[in-house]
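Subject: Structure for your review

Dear colleague,

I am handing over the structure we discussed, and I would be grateful if you could look through it before we go further. My notes on what was found in it follow directly below.

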Amino acid sequence: MEFPSLSHHGGTRSVTGSCHQLHLDPTTSLLIDCGLEQGHEASPGAEFAPLGFDITGIQALVITHVHIDHVGRIPALLAAGFRGPILCSEPSARLLPLVLEDAYKLGISADPVQVDRYLALLQRLIVPLPFEQWHCILEQGGVACSIRLQRAGHLLGSAYVECDVRVEGKQARSRIVFSGDLGAAGSPLLRPVQPPERADVLVLESTYGDRLHAGRSDRQQRLEEVIDRALADNGTILIPAFSLGRTQELLYEIEDILHRKSLLEEGPEGPGENQLQAIDWSQLPVILDSPLAHRITEVYRDLHGYWNEVARQRLGEGRAPLGFRQLICVDTHSKHQQVVNYLKSTGRSAIVIAGNGMCSGGRIVNYLKAMLGDARHEVVFVGYQAKGTPGAVIQASEQAEGFVQIDLDGRMYEIRAKVVTLAGYSGHADQAELVQFALGRGTPAMRVLLVHGEKNAKEALAKALRRQFEQVGCRSEVSIA
């Protein structure tokens, strides 16, 4: 076998479970991500299951970002005896323990002693790295390897990983780049992605390799229109959202809507003519019903130095994009149930953001049980719904004729609530952005290996890449893992 070489332990069948191994020589390697499969491709009890690959010789685990489909098998990795460093960006080093603690309690054990022992071990292994600086992983025998993290724009702390590898007997160094998940342009909080300088091998995600995103420029306006309609109906807006990334973007944009509405309410000429007179926007509650999302949002606020310039400017104006007055955080389960019952019985308008994002568990399920049967309410999807999840079924009802039912916890519920999918909120780059990333900063990747996507998305992206490489006169190789 020629080194460096790659093997894949996840993230090739679909869009979850990313786990890639970079072999530096027959006995030495790096692991890039260690994610859990989710949705229809997930095996029951996957978080407990053995890894299925030998960890001997793995020098370090490098984390691109802290979504569960990239870090969810870390408990299994530790159970297998891995005690090497877990390398990640500085924001990810703050967020990773929160995400894994929550997953450990839900999937493995909520015993405080076990949880504390697990977190203590995790904290000992985490090594935060600054962006844009090379870090030497090893230099022994005939092998040397350094990595550099670059901003990926997917969520706070997300990175793509550049690996610079020198193998004895080869004149040139090899540059292997792992994209992780690349964010779409125009994130309200994050700095933009800069493509890599060069890549001999680019392991590239392909989640939306078969489409172009529409509506990012006016997505906040369309969110505002949905809110207006729901409030006119005295309804509650239910937004299933992942605790990390999407929730913070939504809060940021909702704050901006509320800020502008409050300015419109009493302008120089008095109340605005076009506003909904019955609605007191200053009293509209925005309910964040997720203890994990609350804790993550607090970390996001602390790490405002990593925000983009526009977001930091709002802070300078005295605004609180992630901590505004109308934001209500629900922590305990008893308070959660009280809020569900209150909104169901009173008809009080509210915006509810609750996990999880695919409606396969979490507190959003109780809201759905209580409100799906009432046409006053709206379920608003702003993210990808994996096949086989309740979220995908509910989302599909948006285009269905007649009544649709869904099974939630073994009981059938009729979907009468309005169902809306807002485009433009994808956290992933689209086809054009993925192609641009592969073209690099003037030097296209020599070989592109597509992962993290459905079959159709990979094939469409491969075709687009080959076409673009041909246009620029590049003989780059494109293959599908």
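Asp 409 forms a salt bridge with Lys 369, and the closest N and O atoms of the pair are 2.6 Å apart. Please keep in mind that this is a predicted model. The pair links distant parts of the chain, since Asp 409 lies in the loop between strand 17 and strand 18 while Lys 369 belongs to helix 10, 40 residues apart. Asp 409 counts as exposed at 66% relative accessibility, whereas Lys 369, at 25%, counts as partly exposed.

Other salt bridges

A search of the whole structure finds 29 salt bridges. Among them is the one between Lys 418 and Asp 233, whose closest N and O atoms are 3.0 Å apart. This pair, too, links distant parts of the chain, with Lys 418 in strand 19 (residues 418-421) and Asp 233 in the loop between helix 5 (219-232) and strand 12 (236-240), 185 residues apart. Lys 418 is partly exposed, with a relative accessible area of 27%, and Asp 233 counts as partly exposed at 30%. Arg 222 forms a salt bridge with Asp 218, in which the closest N and O atoms are 3.2 Å apart; here Arg 222 counts as buried at 18% relative accessibility, whereas Asp 218 is partly exposed, with a relative accessible area of 30%. Salt bridges that share partners also join Glu 224, Asp 228, Glu 255, Asp 256, Arg 260, Lys 261, Arg 314 and Arg 319 into one network.

Backbone geometry

Most residues other than glycine have a negative phi, and most peptide bonds are trans. Against that background, Asp 33 has a positive phi near 70 degrees without being a glycine. Asp 33 sits in the loop between strand 3 and strand 4 and counts as buried at 2% relative accessibility, whereas Asp 409, described above, counts as exposed at 66%. The peptide bond from Phe 3 to Pro 4 is cis, with omega near 0 degrees, and Pro 4 is placed in the segment before strand 1. Another cis peptide bond joins Gly 355 and Asn 356, with omega about 10 degrees; Asn 356 lies in the loop between strand 15 (350-354) and helix 10 (364-371).

In what order do the 6 strands of the open sheet run? The order is 1-2-3-4-5-6, and the pairing is mixed. The edge strands, each pairing on one side only, are strand 1 (5-10) and strand 6 (126-129). Neighbouring strands of this sheet are turned against each other by 25 degrees on average, direction ignored. Strand 3 (residues 28-32) and strand 4 (residues 58-62) run parallel and are joined by 4 bridges, and Ser 29 has Ile 58 in strand 4 as its bridge partner. Helix 3 (residues 90-107) packs on the sheet, where it touches strand 5 (86-89) and strand 6, and its direction makes about 115 degrees with that of strand 5. Helix 4 (residues 112-125) also packs on the sheet and touches strand 5 and strand 6, its direction making about 40 degrees with that of strand 6.

Helix 13

Helix 13 (residues 455-471) has 17 residues and reaches 25 Å from its first C-alpha to its last, close to the expected 24 Å. Its buried residues are Ala 457, Lys 458, Leu 461, Ala 462, Ala 464, Leu 465 and Phe 469. What covers these buried residues includes strand 11 (201-205), helix 12 (431-439), strand 20 (447-451) and strand 21 (477-480). Helix 13 is followed by Gly 473, whose phi is positive, near 75 degrees.

Cysteines

A search of the whole structure finds 0 disulfides. Cys 136 is in no disulfide either, the nearest cysteine sulfur, that of Cys 145, being 7.9 Å away. Cys 34 is buried, with a relative accessible area of 0%, whereas Cys 136 counts as partly exposed at 43%.

Terms used: Residues numbered from 1 in each chain as written. Predicted model: local features only at pLDDT ≥ 70, side-chain atom pairs only at ≥ 80, totals over all residues. Heavy atoms only, no water. Helix = DSSP H or I, 4+ residues; strand = E, 2+ residues; numbered from the N terminus. Expected span 1.5 Å × (residues − 1). Buried < 20%, exposed > 50% of the residue type's maximum accessible area, 1.4 Å probe, protein only. Contact = heavy atoms within 4.5 Å. Disulfide = S-S within 2.5 Å. Pairing = 2+ DSSP bridges. Axes fitted to C-alpha atoms, helices over the stretch in contact; angles between N-to-C directions. Salt bridge = Lys/Arg side-chain N within 4 Å of Asp/Glu carboxyl O.
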